[in-house]
Each structure stands twice: as C-alpha cells, then as structure tokens.
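Q: Could we go through this structure together before I plan around it? I would like the fold, the pockets and the charged contacts.

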Amino acid sequence: AGLSLHAQTGAITGTPASLQAPGTYTVTASNAAGSASTQVRLTITSRGSWTSVPPISPGRHYLSLSRLADGKVLAAGGITAGGVTASAALYDPATDTWTPAASMLSARYEHTATVLADGRVLVAGGQPSASVSTASAEIYDPVSNTWTAAASMSEARVRSTANLLADGTVLVIG
C-alpha cells in the first residue's frame, strides 16, 4: 500500500504505508505484441534504516563497490586480514548472496572504480602496498567475468575521485 508502478518507466514510487519483510513480486507487462514477466524483490524499511546482508568473504576494507547494470554489486580489492588483495566478489541483491568473481590483475586498495557506459568497470590507481601508489588501471567485464589491462594514468594516484563524462571518458582527479 502506498507504492505505485509507473507503466512507461517501470519506476516504483510513493511512500509505503507500513514496513514489510523482503518479498518477491511478479510484474507482468502486456501490449499488442504480447506480454513479459519478471520478478522484483522489495524490502520496505523505515526511513533511514538499514537492512543487513551476508558478510563478504574474506572481510576487507578500503575496497571499491560498483553497481552493475544487472543490479549486482562488484566488490574489488581492498585489504583483508592477509594483506592487500586482488580478489573480487559479486553481491546479488535478488538472492542476497555473494559469489566469487575473477580476481583483478593487480592487488590494490584505495583505488577508484567507475562503471562505464557499456557496463564494464574501470578500476584505476590505488595502493598495491603500504606507502606505494600506482598509476595502473584495469577493466572488469561482467559479461565474461574477466579483467584486462587498461592504459595507465599519467601519474600514480590514491584516494582520488573518478567520474564518467558525457563523452565516455573518465576524469580522475586528486
């Protein structure tokens, strides 16, 4: 109650009338060409509240998180109890699970991650070890679950910011 589905955009908007546990709903759209259905998982929480998800394994900090076109979240790099890691994992909110993804080419933390217009993710800079920064970059392809080297930046950067520009280039500052 209190939510509505916009028929043209698919946006779910409104103010829920009450809290509700996670639930899966089937949404069906029809027109003269036929119909299609998909399932949507919704959780209604109070404003400002959080819902917990399973922990990523291994636990890490100073990683990057990127929301992919399919709704999954790519967690890349960071520092684990074993040190700087190249490992990556995918969180699927539809199933509330983490699964391993291909590891990056280089271990790094405090790097940037930018989702590109084509759905791939550019990871740039960061630190492969304490007190060392890097200019290297690599690209994750979620379709093939692979990483490939990208051109290095002109100088090493750590804790920088990266933004996708309208022309498809990525501006890294800091």
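A: The answers below take up the overall fold, the pockets, a surface patch, the salt bridges and some backbone details.

Q: What kind of model is this?

A: This is a predicted model.

Q: How many helices and strands are there?

A: The protein chain has 0 helices and 16 strands.

Q: And what does the C-alpha trace span along its principal axes?

A: The C-alpha trace spans about 55 × 35 × 30 Å along those axes.

Q: What percentage of the residues is buried?

A: Of the 174 residues in the protein chain, 31% are buried.

Q: How do the residues lining the largest pocket divide by class?

A: The lining holds 7 nonpolar, 6 polar and 6 charged residues.

Q: What about the second largest pocket?

A: The second largest pocket contains about 250 Å³ of space. Its lining has 14 residues, and Ala-1, Leu-3, Gln-20, Tyr-25 and Leu-42 are the closest to its centre.

Q: Which strand gives the most to the lining of the second largest pocket?

A: Strand 3 does, with 4 residues. Strand 1 (3-5), strand 3 and strand 4 each supply at least two residues of this lining.

Q: What classes of residue line the second largest pocket?

A: By class, that lining has 12 nonpolar residues, 2 polar residues and no charged ones.

Q: Which residues form a nonpolar patch on the surface?

A: Leu-3, Leu-5 and Ile-12 form such a patch, and together they have about 240 Å² of accessible area.

Q: Where is Leu-5, and why is it called partly exposed?

A: Leu-5 is in strand 1. Its relative accessible area is 47%, and partly exposed covers the range between the 20% limit for buried and the 50% limit for exposed, so Leu-5 falls in that class.

Q: Changing topic: how many salt bridges are there?

A: The count comes to 3 salt bridges. In one of them, the side chains of Arg-108 and Glu-138 meet at 2.9 Å, N to O. Arg-108 lies in the loop between strand 10 (97-101) and strand 11 (112-115), whereas Glu-138 lies in strand 13 (residues 137-141), so the pair ties together parts that are 30 residues apart in sequence.

Q: Are Arg-108 and Glu-138 buried or exposed?

A: Both Arg-108 and Glu-138 are buried.

Q: Which side chain does Glu-110 meet in a salt bridge?

A: The side chain of Glu-110 meets that of Arg-159, at 3.0 Å, N to O. This pair links distant parts of the chain, 49 residues apart: Glu-110 is in the loop between strand 10 and strand 11, and Arg-159 is in the loop between strand 14 (146-150) and strand 15 (161-164).

Q: Is Glu-110 buried or exposed, and what about Arg-159?

A: Glu-110 is buried, with a relative accessible area of 12%. Arg-159 is exposed, with a relative accessible area of 65%.

Q: What is the phi of Glu-110, and what is the phi of Arg-159?

A: Glu-110 has a positive phi near 55 degrees although it is a residue other than glycine. Arg-159, also not a glycine, has a positive phi of about 55 degrees.

Q: Which side chain meets Asp-118 in a salt bridge?

A: The side chain of Arg-120 does, at 2.7 Å, N to O. Arg-120 counts as partly exposed, at 29% relative accessibility.

Q: Back to the backbone. Which peptide bond is cis?

A: The peptide bond from Ser-57 to Pro-58 is cis, with omega near -5 degrees. Pro-58 is in the loop between strand 4 and strand 5 (64-67).

Q: One more: where is Gln-127?

A: Gln-127 is in the loop between strand 12 (121-124) and strand 13. It is buried, with a relative accessible area of 10%. The C-alpha atoms of Gln-127 and Ser-106 are separated by 9.8 Å, and these residues are 21 residues apart along the chain.

Methods
Residues numbered from 1 in each chain as written. Predicted model: local features only at pLDDT ≥ 70, side-chain atom pairs only at ≥ 80, totals over all residues. Heavy atoms only, no water. Nonpolar A, V, L, I, M, F, W, Y, C, P; charged D, E, K, R; others polar. 1 Å grid on protein atoms, 1.4 Å probe; cavity = no way out; pocket = protein on both sides within 12 Å on 5 of 7 lines; lining within 4 Å. Points joined across faces, edges and corners; volume = space filled by probe spheres on them. Patch = residues over 30% accessible without salt bridge, like charges linked within 9 Å, V, L, I, M, F, W, Y side chains within 5 Å. Areas by Shrake-Rupley, 256 points an atom, 1.4 Å probe, with all protein chains shown as cover. Salt bridge = Lys/Arg side-chain N within 4 Å of Asp/Glu carboxyl O. Buried < 20%, exposed > 50% of the residue type's maximum accessible area, 1.4 Å probe, protein only.
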